[in-house]
Amino acid sequence: MSETIALVGGHRVLRQSLAEALQQIGDFRVSGQADSLARSGELFDEEPPALLLIDADSFDPESPEKVRALKEAHAGIAMVAHGLDSERQALRYIAAGFDGYVFKESSLDELKQVIRLALEGKARCSPSVAGTLFAELADLDRSRRSRHQLDSLVLSPREIEILQLIADGLSNQEIADKLFLSFHTVKNHVHHILGKLRVDRRSAAVAKAYRKHWLPGRRDSNDSEPSNDR
């Protein structure tokens, strides 16, 4: 038995062309069409479809959230969006809970595969979308690492070195002995570190450095920190 699909999109010619293409595949049957999200609820009145195929380019940026609400109102209905080659738009719909996203430049076979997997409860996107999303995630990771590197420039190499020794549990005097510095010089460095990181305790400075990934490893949170006057 063919699975039923309902189409939602603002362009009638495109909807009809897609409906004909899907029905030619033989696996699917188009049970209804709606020209707006507001009217998509009518598609569930007589024969609820197994899947809604949404034209992402027909609607405003708030559409994913609106369709999320529609999906919550009709539990068990799979939803797939198809739209232009835009990773931002694809991410927006996937984040809104869609079961798949397909670029309009994709082949009919890719669309069929994504629809079939969505009907099986497996969230998927076409290979072209997957490649774009991986590239986007890689860019986000590079941006995150760049921010950490820029943040770390707030402290000088010597201050990072002293912060590491603080994290290792050394007192100011022990740091001074290890680095062949005066106690007064180390204490000034610690004061500058606290000021730059906008914290008032050595332990807080160390914790922030770990969050920023400036220091390797992580000390046990139960370890005590030496006081500033030692």
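Contact means heavy atoms within 4.5 Å. Helices (H or I, at least four residues) and strands (E, at least two) are DSSP runs, numbered from the N terminus.

This is a predicted model: local features need pLDDT of at least 70, side-chain atom pairs count only at pLDDT 80 or more, and totals for chains, interfaces and linings use all residues. Residues are numbered from 1 along each chain as its sequence is written, and side-chain values use heavy atoms, with hydrogens and water left out.

1. The whole chain. The protein chain has 9 helices and 6 strands. Of its 230 residues, 39% count as buried. Buried means under 20% relative accessible area, exposed over 50%, and partly exposed in between (1.4 Å probe, protein chains only). Take the contacts between residues at least 6 apart in sequence: 63% of them join residues at least 24 apart.

2. Helices α1 and α4. Two packed helices are described by the angle between their axes and the distance between the axes. Here α1 (residues 12-25) and α4 (residues 108-119) pack at an angle of about 75°, with their axes 11 Å apart. That makes α1 roughly perpendicular to α4. Axes are lines fitted to C-alpha atoms, for helices over the stretch in contact, and angles run from 0 to 180 degrees between N-to-C directions. Angles under 35 degrees count as roughly parallel, over 145 as roughly antiparallel, 65 to 115 as roughly perpendicular and the rest as oblique.

3. Who meets whom there? From α1 come Leu 18, Ala 21, Leu 22 and Ile 25; from α4 come Leu 108, Leu 111, Lys 112 and Ile 115. The residues of this contact of α1 with α4 divide into 7 nonpolar, no polar and 1 charged. For this count, Ala, Val, Leu, Ile, Met, Phe, Trp, Tyr, Cys and Pro are nonpolar, Asp, Glu, Lys and Arg are charged, and the others, Gly among them, are polar.

4. An aromatic pair. Rings of Phe, Tyr and Trp (its six-membered ring) pair if their centres lie within 6.5 Å; planes under 30 degrees apart count as stacked, over 60 as edge-to-face and the rest as tilted. By this rule the count comes to 1 aromatic pair. The rings of Tyr 101 and Phe 103 have centres 5.9 Å apart and planes at 85°, so the pair is edge-to-face. Tyr 101 and Phe 103 are both buried.

5. Asp 99 sits in the loop between α3 (87-95) and β5 (100-103). Asp 99 is buried, at 15% relative accessible area. A polar atom of its side chain lies 2.7 Å from the backbone nitrogen of Met 79. Arg 202 belongs to helix α9 (residues 202-211) and is buried at 3% relative accessibility. A polar atom of the Arg 202 side chain lies 2.9 Å from the backbone oxygen of Leu 170. A polar contact is a pair of N or O atoms within 3.5 Å; within protein, one must be able to donate a hydrogen and the other to accept it, and residues adjacent in sequence count only if both atoms are side-chain atoms.

6. Leu 197. This residue is found in helix α8. Is Leu 197 buried or exposed? Leu 197 counts as buried, at 2% relative accessibility. Beyond its neighbours within four places in sequence, Leu 197 is in contact with Leu 155, Leu 163, Ala 205, Lys 208 and Trp 214.

7. Positive phi. Arg 198 is not a glycine, yet its phi is positive, about 55°. Arg 198 lies in the loop between α8 (183-197) and α9 and is exposed, at 78%.
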